Structure formats: C-alpha cells, structure tokens
Amino acid sequence: MSQFNVPLSEEKSVEAIVTGMNIVRAYQLGLKDFGTASVKEEDETLLTVVDRECGEVLRDSIRQHFPGVRNNIEDVEADEAQSNVTIYGDPIDGTLPFTVGLPTSTVILGAYDTKKREVLACTIGEPISGRMWFTMDGRSYSGIWDYSDKVLCNKHTIKVWPGQLSRDTAVFLDTSQGF
C-alpha cells in the first residue's frame, strides 16, 4: 500500500463527520424517530438505527476516499483490508445519553498507524451544537459547524498535552460537558 495521505484524511474526515452530525442531529431534534434501541450481546451497550445509519455513511466515505485502508466503524461491518493504517469510528459515542434525549453524544473518526502505534488524525463532532475538534496540518483545532451557512466558524488552535499516553491516561476534550 502506498503511504497514507494524512492531509486528505483530515479533510475528508471533517466532511464525513459533518454528514454524520447531520444524521444524528435530525434524530436529536425529533425530525426523525429512531424507534427503540436494542442491546448488543457482546458488550451490553445500546444500538439504534441511527448508529447504523451514521456508521454506514462514515464507512462509505472511507471506502470512497481510501480504498484499501482498513476501517473499523462501530456497529457496521468492518473491512478486512490489509493495511498499516486503520480508520476507527464511533457513529454515536454516547448512545445511552442519545436515547434519553441528552445532547452530549459525539461522532468520531480517527486514523491510526498500527505499525508505528501512532494516531495520525482525528475528528470529533457534537451534532446538537455543531462543535468540532479536529487535526489539520499537524495541529489540533476546534470550531463550530454552522448548519445554516454550511461552513466551519470560529476555528482556532487548541493546545494538546505533548506527554506520553497510557491505558490509564484520562483525556478531557471539554470539561464543561463532563467528558
């Protein structure tokens, strides 16, 4: 496989997350009814039609822009492609809060080099507010997706701790939401 294009991944991840946020937000606002949630046997977490609908959009974007790159999007069939990079995603991080009407759920995509054990890019979007956190050009940013004008506003650099991470590391994206 040729070298993974990180800048293209960052760009296309933002586009995919915005599309996913639009799907989740439509259900959050009551424009669509998600019906009832089921419980997944493997981990006893909730699963909704929204998880699958958003997950399929994320997976299809990856397949379109990065054929041959393995992806592992929660709640949809994973690709078995052989590549050093895997793109991971969670269509609704926080399905339980989503099902009870809380606005704290996010949509996540991240590219990870499994050989180097290194995160290459990451994009997180909060559908209800439009807030986004993402990497671009080797830096981390936050901004707000304006649903009316379909543009990213208030983009600014955010500081990321440069220290080593471990399995015990706590990561806080936004303490006002309790993450």
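This is a predicted model: local features need pLDDT of at least 70, side-chain atom pairs count only at pLDDT 80 or more; totals for chains, interfaces and linings use all residues.
Trainee: What radius of gyration does the chain have, and what would a compact globule have?
Mentor: The C-alpha atoms fill a box of roughly 40 × 35 × 35 Å along the principal axes. With 179 residues, a compact globule would have a radius of gyration near 16 Å, which agrees with the chain's own 16 Å.

Trainee: Are α1 and α2 roughly parallel or antiparallel to each other?
Mentor: Good one to work through. The axes of α1 (residues 6–28) and α2 (residues 49–65) come within 10 Å and cross at roughly 160°. Angles over 145 degrees count as roughly antiparallel. The two helices are therefore roughly antiparallel.

Trainee: How do the residues of the contact of α1 with α2 divide into nonpolar, polar and charged?
Mentor: From α1, the contact includes L8, K12, A16, I17 and Y27, while α2 brings V49, E53, C54, L58 and H65, among others. Sorting the whole contact gives 11 nonpolar, four polar and two charged residues.

Trainee: What percentage of the residues in the chain is buried?
Mentor: Buried here means under 20% relative accessible area. Applied to the 179 residues of the chain, that cut-off gives a buried share of 40%.

Conventions:
Residues are numbered from 1 along each chain as its sequence is written. Side-chain values use heavy atoms; hydrogens and water are left out. Axes are lines fitted to C-alpha atoms, for helices over the stretch in contact, and angles run from 0 to 180 degrees between N-to-C directions. Helices (H or I, at least four residues) and strands (E, at least two) are DSSP runs, numbered from the N terminus. Angles under 35 degrees count as roughly parallel, over 145 as roughly antiparallel, 65 to 115 as roughly perpendicular and the rest as oblique. Contact means heavy atoms within 4.5 Å. Ala, Val, Leu, Ile, Met, Phe, Trp, Tyr, Cys and Pro count as nonpolar, Asp, Glu, Lys and Arg as charged, and the others, Gly among them, as polar. The radius of gyration is taken over C-alpha atoms; the globule rule is 2.2 Å times the number of residues to the power 0.38. Buried means under 20% relative accessible area, exposed over 50%, partly exposed in between (1.4 Å probe, protein chains only).
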